[in-house]
Amino acid sequence: ALDGVAQDVHGKAGVAGEFDPSLLPENRLSRLDLAEWLCAPENPLTARAVMNRLWKEFFGRGLSIAVEDLGGQGDPPSHPELLDWLADEFRSSGWDMKHMIRTVVMSAAYRQSSNLRPERMEPDPLNRLLASQNPRRLDAEFVRDNALAIAGILNTDLGGPSAKPYQPPGYYSQIQFPDRDYIAHTDDRQWRRGLYMHWQRTFLHPMLANFDAPAREEGVCARPVSNTPQQALTLLNDPTFVEAARLFALRILPAGDDTARIQQAMQLALARPASARELESLAKFLAAQREAFKAAPEDAKKYNAIGLKPVPDGIDPVELAAWSSVCRVVLNLHETITRY
């Protein structure tokens, strides 16, 4: 219809590129009309859709699982009265998102333990009745942010251009028209949040791709969640995570003896103390790593040189490398990258 109006206007004007606003229809609708229609009191769909997506962010699934199609072709909500109440509260509060987030996270449903109740598994395998909280893996950007935060180097600056973290060399070799290369940043932009990572369409950063981030060629309302060997290899070998493990080790070295350091590592990463079994396992691994790096001190120096942050003076490279290996294990734990 708009093309027809444009052709009509162009034909009447008679001059290429000339535009006369008086020739447009008097009742032509604008984006303001669309916004007013979306938020009109007689249109409940907008508030319901937003609250269903908000619920998904905090519980892993929406009250209606099909968050991209909250309609007759989608999935009926498990708690329709709750969805209606959330939508009404959202509109009544003046579309106050902070108020709704506070309301959800302060609820008894959200604050439940994530330990699944065995007696509820058979009648409600998807936990749609919310007998417990839903554990789920962090999104790709949050996996990286979480590791950087544990290491104490997450750059929380807001806004600005995209940041370019470490990326395998030659990854862009197949991109043409024009040919291009990827130059990683060498300052504190290296540790910016995943929200600001550079996205190359069809050549998504390998770390993001391994953790199921979409390619942004089309809108995605719900990301798939996979569990693959590439994810463990990324957490062990990606320079971002190797450097994070080394800086994580530097955070725990002042804690005291080996037991105290392991306990602090678990507290920083998992917000809980280590169990007796975990203490024993990590202590054995630490001893093995010490012996390996003592036998090959040059390997310890190479290991400690990964990343931009320099090693402080006075730090034993063998000890730092051994503890960095322990911290790599902690950062690779399923519990570390899972939201409970």
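This is a predicted model: local features need pLDDT of at least 70, side-chain atom pairs count only at pLDDT 80 or more; totals for chains, interfaces and linings use all residues.
## A buried arginine and its surroundings

The backbone oxygen of D157 sits 2.8 Å from a polar atom of the R192 side chain.

- You'll find R192 in the loop that runs between α7 (140-151) and α8 (206-210).
- R192 is buried, yet it has no salt bridge.
- Which side chain of opposite charge is nearest to R192? That's D157, and it is 5.3 Å away.
- Setting aside neighbours within four places in sequence, R192 is in contact with a list of residues including R144, D145, L148, L154, N155 and A163. D157 and P161 are on that list as well, along with L158, G159 and G160.

**Helix α9**

- Helix α9 covers residues 229-237, and Q231, T234 and L235 are buried in it.
- Why do they end up on the same side of α9? Because they cover an arc of only 95° around the axis.
- What do the buried residues of α9 pack against? Their partners are β1 (136-137), α7, α8, α10 (239-252) and α14 (317-331).

**M106, out in a loop**

- M106 belongs to the loop between α5 (97-105) and α6 (118-121).
- Is M106 buried or exposed? Its relative accessibility is 52%, so it counts as exposed.
- M106 and G94 are 12 residues apart along the chain, and their C-alpha atoms are separated by 20 Å.

**The whole protein**

- The protein has 14 helices and 2 strands.
- Its radius of gyration is 26 Å, well over the 20 Å that the globule rule gives for 340 residues, so the protein is more spread out than a compact globule.
- The C-alpha trace spans about 85 × 60 × 30 Å along its principal axes.
- Of the 340 residues, 35% count as buried.
- Take the contacts between residues at least 6 apart in sequence: 63% of them join residues at least 24 apart.

Notes: Residues are numbered from 1 along each chain as its sequence is written. Side-chain values use heavy atoms; hydrogens and water are left out. Helices (H or I, at least four residues) and strands (E, at least two) are DSSP runs, numbered from the N terminus. Buried means under 20% relative accessible area, exposed over 50%, partly exposed in between (1.4 Å probe, protein chains only). Lys and Arg count as positive and Asp and Glu as negative; His and the chain ends are not counted. A salt bridge is a side-chain nitrogen of Lys or Arg within 4 Å of a carboxyl oxygen of Asp or Glu. A polar contact is a pair of N or O atoms within 3.5 Å; within protein, one must be able to donate a hydrogen and the other to accept it, and residues adjacent in sequence count only if both atoms are side-chain atoms. Contact means heavy atoms within 4.5 Å. The arc is that of the directions from the helix axis to the C-beta atoms. The radius of gyration is taken over C-alpha atoms; the globule rule is 2.2 Å times the number of residues to the power 0.38.
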